[in-house]
Amino acid sequence: MTSNLVVRDAAVVWHPFTQVELADPPLPVAAARGTRLILEDGTQLIDGVSSWWCNIHGHGHPELIRAAATQMEELDHVIFAGFTHEPAVSLAEELTAVLPHRFDKVFFTENGSSAVEVALKIAVQYWHNQGQHRTRIVALDHSYHGDTFGAMAAGARGIFARPFEEMLFGVERLSTEGTERDLATCRSLCASGQAAAFIFEPGVQGAGGMRMYSPAVLDSYLEVFREHGVLCIADEVMTGFGRTGPLFACSELQNAPDIICLSKGLTGGTLPLAVTACRNQVFDAFRSREPAHTFFHGHTYTANPIACAVARASLRLTLNPQCTARRDHIAQRHTALLARLAEFPHISDPRASGTILAFDVRVSLERGYTSSISQLAQRFFRERGVLIRPLGSVVYFMPPYCISDEELDAVYAALIEFCRFIRESCHTNAAQTA
């Protein structure tokens, strides 16, 4: 029987990344606690993707709820142009104290795409304010930086961006292999004086397929770009706050970025908030008696006090040694599972980075983001009490840090069962074809 809520939803709601003619009806969620989503009919699902990678401490965490409620009683919101408040200033102080390398100034927005958009605009205007026409953006193959126009242009071209191709600015691409050809491209761009910025997801390319690559590759690029003054932007929207192991993935780099973008785990998955932080060297290019040198960008809910207060509470939880130990434990258990996954012939490249576990399903179905493996896998895992959302034929698991060993066992059992299901399905299809 179809839920009344789902019927009402179909009449008035447009869901993201969803083709209504092909997708299953949305699941009606009534509540959430810890790692569990509780559906309208009482069914419980382990949130295997941390609700799009942001819910790092679990749902309904009492400290985050308390921080939001306390702040709401004092100050709900105020325009942030010409005003300031304690939650925003304290959060900026606490973030700059723990960010790797050195970042001095914090610009607030509400989501990862906006944080990236701000970074790209800062980079281009940085050169404009100094009288230099440098507008070329350099990015990695298979990258994803968001869905607003600038972020979309910086990301890899594909089905997401196809209708807007002619409206997107050109981007120079480098591979995650760090070949001599890539390094020659870096040097050529630097020699031309056209490159404004290099943007990258450090260590793991999320929506591009959970692609994992060596920090040494990035360092080789950063060394060239930093030598020639090209601004380097670390997009840590997904990787930040411990997701790949260290608190921030770019802490593994020898060469420091100039700008960093943060969101998702910033508030522990409770409220929208994002940050673009930069060095004073970048900020000083906007410090001027000339009004035109102002960075004319802002959002209605910039530095919302409630979101900032929750982000401070979430950061305290993330820095707690118990949270660090739990992340390390999940990473160790993920790594221990890789050998078992590698035994299955139709599973390729099982990989892990911190609390991220992923593998590719290689069968005679279409590949890429629209692969039918995605919907098949979602249904399979849902029947076993686990919520996942594959990136096409890439199946991944990225749990909240509070997940228990018993829950990890349940998820791993479902993963192994899925791999067996794929193997048996392929054998059956081969026998029927023969």
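This is a predicted model: local features need pLDDT of at least 70, side-chain atom pairs count only at pLDDT 80 or more; totals for chains, interfaces and linings use all residues.
User: Which residues of α8 are buried?

Analyst: The buried residues are V217, L218, D219, S220, Y221, L222, V224 and F225.

User: What do the buried residues of α8 pack against?

Analyst: They pack against strands β5, β6, β7 (195–200) and β10 (231–235), and against helix α7 (180–192).

User: What is found at the start of α8, and what just after it?

Analyst: At the start, a side-chain oxygen of S214 comes to within 3.0 Å of the backbone nitrogen of A216. Just after the helix, G229 has a positive phi of about 80 degrees.

User: Now the strands. How many bridges join β5 to β6, and do they run parallel or antiparallel?

Analyst: The general idea for a single strand is that, when it is regular, its side chains alternate between the two faces of the sheet. For the pairing here, four bridges join β5 (residues 136–140) to β6 (residues 171–174), and the two strands run parallel. As one example, L140 has L174 in β6 as its bridge partner.

User: Which helix makes a β-α-β unit with β5 and β6, and what is the hand of that unit?

Analyst: The helix is α6, residues 149–154, and the unit is right-handed.

User: Turn to the loops. Where does S263 lie, and is S263 buried or exposed?

Analyst: S263 is in the loop between β11 (259–262) and β12 (274–278). Its relative accessible area is 5%, so S263 is buried. The S263 side chain reaches the backbone oxygen of L273 at 2.9 Å. Leaving out residues up to four places away in sequence, S263 touches N111, G112, V237, F241, L273 and A274.

User: Where does N304 lie, and which backbone nitrogen does its side chain approach?

Analyst: N304 sits in the loop between α9 (280–283) and α10 (305–319). A polar atom of its side chain lies 2.9 Å from the backbone nitrogen of A307. With a relative accessible area of 12%, N304 is buried. Apart from residues up to four places away in sequence, N304 touches D76, H77 and H85.

User: Last, the charged pairs. How many salt bridges are there?

Analyst: The general idea is to look for a side-chain nitrogen of Lys or Arg within 4 Å of a carboxyl oxygen of Asp or Glu. By this rule there are 18 salt bridges.

User: Which residue forms a salt bridge with D24, and why does that pair tie together separate parts?

Analyst: The partner of D24 is R382, with the closest N and O atoms 3.4 Å apart. D24 lies in the loop between α1 (4–12) and β1 (29–33) and R382 in helix α12 (residues 373–382), so the pair ties together parts 358 residues apart in sequence. D24 is partly exposed at 28% relative accessibility, and R382 is partly exposed at 26%.

User: What are the distances in the D104–R102 and R384–E383 salt bridges?

Analyst: In the D104–R102 bridge the closest N and O atoms are 2.7 Å apart, and R102 is exposed at 52% relative accessibility. The R384–E383 bridge has an N to O distance of 3.4 Å. R384 is partly exposed with a relative accessible area of 30%, whereas E383 is exposed with 66%.

User: Which residues are linked in a network of salt bridges?

Analyst: R326, R333, D405 and D409 are linked in such a network.

How values were computed. Residues are numbered from 1 along each chain as its sequence is written. Side-chain values use heavy atoms; hydrogens and water are left out. Buried means under 20% relative accessible area, exposed over 50%, partly exposed in between (1.4 Å probe, protein chains only). Two strands pair if DSSP finds at least two bridges between them. A crossover is right-handed if, with the strands pointing away from the viewer, the path from the first strand over the helix to the second runs clockwise. A polar contact is a pair of N or O atoms within 3.5 Å; within protein, one must be able to donate a hydrogen and the other to accept it, and residues adjacent in sequence count only if both atoms are side-chain atoms. Contact means heavy atoms within 4.5 Å.
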